[in-house]
Amino acid sequence: MKTLLLFFLICTSSLLYAQTGTSTEITKSTKVEKIDGVKYYMHTVEAGQTVYSIAKAYDVNTKDVIFENPEVVDGVSPGQVLKIPIKDIKKAASPSTPPAVPTTPTYLTHTVEKQQTLYAISKLYNISIEEITKANPEIEDGLKVGQQLKIPQKNTSNSAPPEKVIPPKSSVTSEPARVPEIKTNNESTSSKTFSVSLLLPFNLEDIDTLKFQKNIRTAIPSKSYAAIEFYEGFLIAADSLKNTGLNLKVSAFDAPNDSLQIVNVLEKSELRKSNLIIGPFHNSPSTQATDYAKRNHIPIVIPYAQQNKLLLGNKYAIKVSASTSTQVEAVADFITKHYKKQNLIILHNGLLKEKSSLTTFKNRCNAELGKDSIAEVVFKTAGVKGLQAKLSATANNIIFIPSNDQAFVTSLVNSLRGLKKDYKIVLFGMESWVSFDNLDINTIQDLQLHIPSSSYLNYASPETIGMMKKYREKYKTDPTKYALQGYDCGMYFLAELQKSGKEFYLALPNSPKKGLQCNFQFVETAVESGYENKSVFILQYKDFTLSPDK
């Protein structure tokens, strides 16, 4: 039952549309029946028809067809009779109709995400910055992550549904769950059909069935959103590639952060037939899944894990996010390129967990600038005075802090704020700092904080706007970073699979590509080992947002 419910939620546009091939032309049924006070077309399925093609013929959403006919979740059969809801179409007003009385404005609620600007939001909703500011006077002091904005809705057919609230999504957590399988039906055998399996933490057991039956969005726990949105983004990508002749059989499995549950998933015989596996999200199940992929010679893409140990000795493993070491190298390369003649300082607290990043940074800088090019300050022993003794009164002081400790970082940044009036400081930190909500935005802007990141989204680019419009049209909400990651992974890896076949991973180092929020620049980490994406953005806080520097 919960498999069906999840399918209904996430497949507002059915998986069937990810297939290419010619469908039988569908003639709308003239047979209409009234069932429980609701009128339906009674459609008899013919050979070659799918849920998607039937929904399209009747101009309804696939989720409506599935809702009225739950048995079609696994596909339709010739001769099957389906209830197709009849849309309530209002007649257009005649020229003599008097003007409508103005109504109270309706709004779409938008939750501000990291790196978003007013300009990007205005482009996304096709309204002016002035309209947004008028509806939200409090934003004159700048946008804040998590802030909810009222977006005035224009009275057009393309407007999003009024009063639609877009809730912020939390990170994925783990709960045990059963393992469902969601498949597509292949419509064409004219070219090779690739089998792709997605291992995503849907957390099915935590769906509130009673709420879902009432079509209440909160029936789905927030920890499931990341998987659902990644999946939705992947489907948008699959749909975008269908005109290239790509044929897919897609299976999705519930893969939460639970070792026993992953064992159950990996026992599925269908998984062994995959040409490509994408997921899981979490480190522990990713280790199990990559071992499985190695034993069965199946390429596997890990979307989020940072640790490179997943790749060691496993040529089938592909990691999308750059490791911490790779990000630190990118920071060192950026500093030595743009600030080589400035006063370079690495500031840390002498902790063992900082040692790896400390060593990587120093070695990288010394290789480029010469030995002892970096001044080192251990803050817990030197304190503010010890740091001040290393600062230059005339040159820029470029300070890198390789720490992920929020309390230490916050205290240190506040100390630097006190020094800023007497010294020129440019600060470099770690990607984790983005989630530190107690860092004062004005302070980190004054310190010109830079951070490395595996992703950056240009909201104003035509490609981003185009994808967001498609996503809003299908799912009636805006794509989050998870949906965009699913889209980027789908567009890149499906195209590579189509171009080079199951051994596409061998060609990845020669196939760099820019995505919407994630660029792809793979390297083989060692002989007979997997592939890491080395693409890293260096972002700077400017005008209350993060954007690439230089």
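The model described here is predicted. The protein has 550 residues, of which 52% are buried, and its secondary structure comprises 16 helices and 21 strands. Among the contacts with a separation of 6 or more, 72% are between residues 24 or more positions apart.

**The seven-stranded sheet**

- Seven strands form an open sheet with mixed pairing, and their order is E7-E6-E8-E9-E10-E19-E18.
- Strand E7, covering 247-254, and strand E18, covering 522-524, are the edge strands, each of which pairs on one side only.
- From one strand to the next, the twist averages 20°.
- Strands of a sheet pair through backbone hydrogen bonds, and this can happen in a parallel or an antiparallel sense.

**Strand E6 and its neighbours**

- Strand E6 spans 193-200, and because seven of its eight residues are buried, E6 is largely enclosed by the rest of the structure.
- On one side, E6 and E7 run parallel and are joined by eight bridges, with Leu199 having Phe253 in E7 as its bridge partner.
- E6 also pairs in the parallel sense with E8, over three bridges, and here Val196 stands opposite Leu276 in E8.
- Further along the sheet, E8 (residues 276-278) is paired in the parallel sense with E9 (residues 300-302) over two bridges, and the bridge partner of Ile277 in E9 is Ile300.
- Thr193 belongs to strand E6 and counts as partly exposed, since its relative accessibility is 27%.
- Although Thr193 and Leu246 are 53 residues apart along the chain, their C-alpha atoms are separated by 7.6 Å.

**Helices lying across the sheet**

- Helix H7, made of residues 225-241, lies across E6, E7 and E8, and runs at about 160° to E6.
- Helix H16, made of residues 481-500, lies across E6, E7, E8, E9, E10 and E18, and runs at about 150° to E6.

- Helix H10 (residues 324-338) has 15 residues and should span 21 Å at 1.5 Å a residue, which agrees with the 21 Å between its end C-alpha atoms.
- The buried residues of H10 include Thr326, Gln327, Glu329, Phe334 and Ile335.
- Helix H12 (residues 379-390) has twelve residues, yet its end C-alpha atoms are only 12 Å apart, which is short of the 16 Å that a straight helix would reach at 1.5 Å a residue.
- Phe379, Gly383 and Leu387 are buried in H12, and because the buried residues fall within an arc of 115° when seen down the axis, they line one face of the helix.
- An α-helix has 3.6 residues a turn, so residues three or four places apart point the same way.
- Thr381, Lys385 and Ala389 are exposed residues carried on the face of H12 turned away from its buried side.
- The buried residues of H12 pack against three elements, namely strand E11 (343-348), strand E12 (375-378) and helix H13 (406-419).

**The pairing of E15 with E20**

- Strand E15 (residues 450-453) and strand E20 (residues 537-542) pair in the antiparallel sense over four bridges, and Pro452 stands opposite Ile538 in E20.
- In a regular strand the side chains alternate between the two faces of the sheet.
- In E15, His450 and Pro452 point one way while Ile451 and Ser453 point the other way, and all of these residues are buried.

**His43 and its surroundings**

- His43 lies in strand E2, which covers residues 38-44, and with a relative accessibility of 3% His43 counts as buried.
- Leaving aside residues up to four places away in sequence, His43 touches a set of residues that includes Ile26, Gln49, Ile54, Tyr58, Gln80 and Leu82.
- His43 and Ile54 are eleven residues apart along the chain, and their C-alpha atoms are separated by 8.7 Å.

**Cysteines**

- The structure holds zero disulfides, and Cys518 is accordingly in none, with the nearest cysteine sulfur, that of Cys489, being 6.4 Å away.
- Cys518 counts as buried because its relative accessible area is 1%, and Cys365 counts as buried at 0% relative accessibility.

Conventions
Residues are numbered from 1 along each chain as its sequence is written. This is a predicted model: local features need pLDDT of at least 70, side-chain atom pairs count only at pLDDT 80 or more; totals for chains, interfaces and linings use all residues. Side-chain values use heavy atoms; hydrogens and water are left out. A disulfide is a pair of cysteine sulfur atoms within 2.5 Å. Buried means under 20% relative accessible area, exposed over 50%, partly exposed in between (1.4 Å probe, protein chains only). Two strands pair if DSSP finds at least two bridges between them. Axes are lines fitted to C-alpha atoms, for helices over the stretch in contact, and angles run from 0 to 180 degrees between N-to-C directions. Contact means heavy atoms within 4.5 Å. The expected span of a helix is 1.5 Å times one less than its number of residues. The arc is that of the directions from the helix axis to the C-beta atoms.
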